Amino acid sequence: MTAIFRREFISYFTSPIGYVFLAIFYCAAGFFFTLSSIQQGTTELNTVFSMLMYVLIVLVPILTMRTFSEEKKNKTEQCLLTAPVTLGAIVFGKYLAAFLVYAMGVLITLVFAFIVAAISTPDWLLVFGNILGLILLGSAFISVGVFVSSLTENQVVSAVLSFAIMVILYLFSAIASIIPIDFIAGIFTSLSFLDRYNGFTYGSFDLSNILFFVSVTAAFLFFTVRVLERRRWS
Amino acid sequence: MIEVRNLSKHFGDKKAVDGISFKANDGEILGFLGPNGAGKSTTMNILTGYISSTAGEAVIDGNDILKNPVKAKASIGYLPEQPPLYMDMTVKEYLNFIYDLKKCTMPRNTHIADICRLVKIEDVYKRVIKNLSKGYKQRVGLAQALVGNPNVLILDEPTVGLDPSQIIEIRTLIKKLGRNHTVILSSHILSEVQAVCDKIVVINQGKIVADDTAEHLSSSLSGEHKLSVKIDGPAKEVMELIETIQGVKSVTLVAERESYSEFTIESEEDADIRRELFSRMAGRNWYIIELKTSELSLEDIFLRLTMGEKIKLKGGKE
């Protein structure tokens, strides 16, 4: 797994993808920080964090589009799948590399917190809660993206499809509000990425939200393993 | 050691591999011969665990590839049809990655250096794979298979894309490797398989049509009972005379030129009419300008092995 993780992580930076992701992420985060904290003269970072969800929906597909698509297209997956490693290790190694690049992006919010700290005292607990929320949300999105990437050998299809799925996941609470049947609406609400993530940005530290994102990550990684497994059998 | 029993793979309705069985012992080079689409690559992909079989089993060094995949894969080095190279890595980075991927325990630098020397890629060691020529890419692919010194080597058309001198080099290398590895190599070139392999399995449309040692197979398939001759003499009379030789089944006049006529002679399977032909022609003062056993192309072999004309392979199966 470490071999796959290392190769994958390095390849983000031998290709432009890693740089593009980080640059756009830093720009967008910086823009929202300037707009919602500095301009408003507030120490609150909540708005920055809630805006970053939209940035993720656009950027995570770029980060994950090639994970399996490219390997399939170039037939390099043959090398991974015939090596003495389990499918789980392959999938997890790739996920972890994408996650680490993403985490490098998220760390910029710590810089914002320090900037705020230089002027006044930020609510550190809230800041760390927000960062944790952002990391968990990104982790779930990355795992969805990795899964979609395993479905196609076309990177563009992979990116567009991931984007569409993430938008739908984002819209779950909106969908819930137009469904008249309470039971079904309830299901959508409880699966809503937006509601659960906003929980973090409001400063509520709910274990069920943490478990939700961890479970989504695990579930989609598991689905990815199944897709790879199924492909061998078809 | 590789043991394959009743292996089948169906893609929908298509039977890509249909109940094949064979065995390759330690220190043996097994040639897998067949036309394109015969099921060679599919079989190799099953053996290496890249795809799974529909039925049957493949056992590598005592480990079933489906039941015990990680252990079985650890003893395989695989060079697929298209070498699985990461184009944006250098040869050095790539081989080190493979070394880590296979969880090798040998001293890293000497092991990789040995392999590079063996397949002659030292001079491109620090170059990006994307920029290498096809021959070099193929050799990097072979190097990749050799990392970790696995017991079993599975090579899918290893000489494709190489120039003639490289082909000879690689064949010599495979022969050398065959002394202490089990090697399965696929090809659609008969002479290549004959030159390198101890044992040949001929496969067509997913089925094994012949499984024998290289010598047996080549002697039974060499077409010694089909001769092509050029004789300087009156075509009609020459033909009549040849027909009287014992063992001759048929004679056909292929071409009549000013200075010679060309014939194809088919004889009984166990008859060798070459000496008799010579003395008869000499007796009449007609000159044999050329005499050769007609080479069977792979297509001919498949026709012979599959289209009813079942030849008996000495000591082997049909």
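Keep in mind that the model is predicted. Chains A and B bury about 2500 Å² between them, and the largest pocket holds about 590 Å³ of space. The largest nonpolar core counts 147 residues.

**Where the chains meet**

- Chain A brings 23 residues to the contact, and chain B brings 28.
- Carbon and sulfur atoms give 60% of the area buried between chain A and chain B.
- As background, the size of an interface is often given as the accessible area lost when the parts come together.

**The largest pocket**

- The space in this pocket comes to about 590 Å³.
- It is lined by 31 residues, and those closest to its centre are A:Lys75, A:Gln78, B:Asn45, B:Tyr50 and B:Ile51.
- From chain A, helices H4 (69-73), H5 (77-81) and H12 (207-233) each supply at least two lining residues, as do strand S2 (14-24) and helix H1 (40-47) of chain B.
- H1(B) gives the most to the lining, with four residues.
- By type, the lining has 12 charged, 10 nonpolar and nine polar residues.

**The nonpolar cores**

- In soluble globular proteins, nonpolar side chains tend to be buried together.
- Within the largest core, the residues that touch the most other members are A:Phe25, A:Tyr102, A:Phe141, A:Phe193, B:Tyr94 and B:Ile121.
- Helix H8 (residues 124-149) of chain A gives the most to this core, with 12 residues.
- A second, separate core has 15 residues, among them B:Val229, B:Ile265, B:Ile273 and B:Met281.

**A covered helix in chain A**

- Helix H11 of chain A is mostly covered, with eight of its nine residues buried.
- Those buried residues include A:Phe193, A:Arg196, A:Tyr197 and A:Thr201.
- They pack against helices H3 (46-64), H8, H9 (155-178), H10 (182-190) and H12 of chain A.
- A:Thr201 belongs to this helix, which covers residues 193-201.
- Why does A:Thr201 count as buried? Its relative accessibility is 1%, and buried means under 20%.
- Beyond residues up to four places away in sequence, A:Thr201 touches A:Asn46, A:Phe49, A:Ser50 and A:Asn130.

Conventions. Residues numbered from 1 in each chain as written. Chains lettered and ligands numbered in written order. Predicted model: local features only at pLDDT ≥ 70, side-chain atom pairs only at ≥ 80, totals over all residues. Heavy atoms only, no water. 1 Å grid on protein atoms, 1.4 Å probe; cavity = no way out; pocket = protein on both sides within 12 Å on 5 of 7 lines; lining within 4 Å. Points joined across faces, edges and corners; volume = space filled by probe spheres on them. Nonpolar A, V, L, I, M, F, W, Y, C, P; charged D, E, K, R; others polar. Buried < 20%, exposed > 50% of the residue type's maximum accessible area, 1.4 Å probe, protein only. Contact = heavy atoms within 4.5 Å. Core = buried A, V, L, I, M, F, W, Y, C linked by side-chain atoms within 4.5 Å. Buried area = accessible area lost by both parts, 1.4 Å probe.
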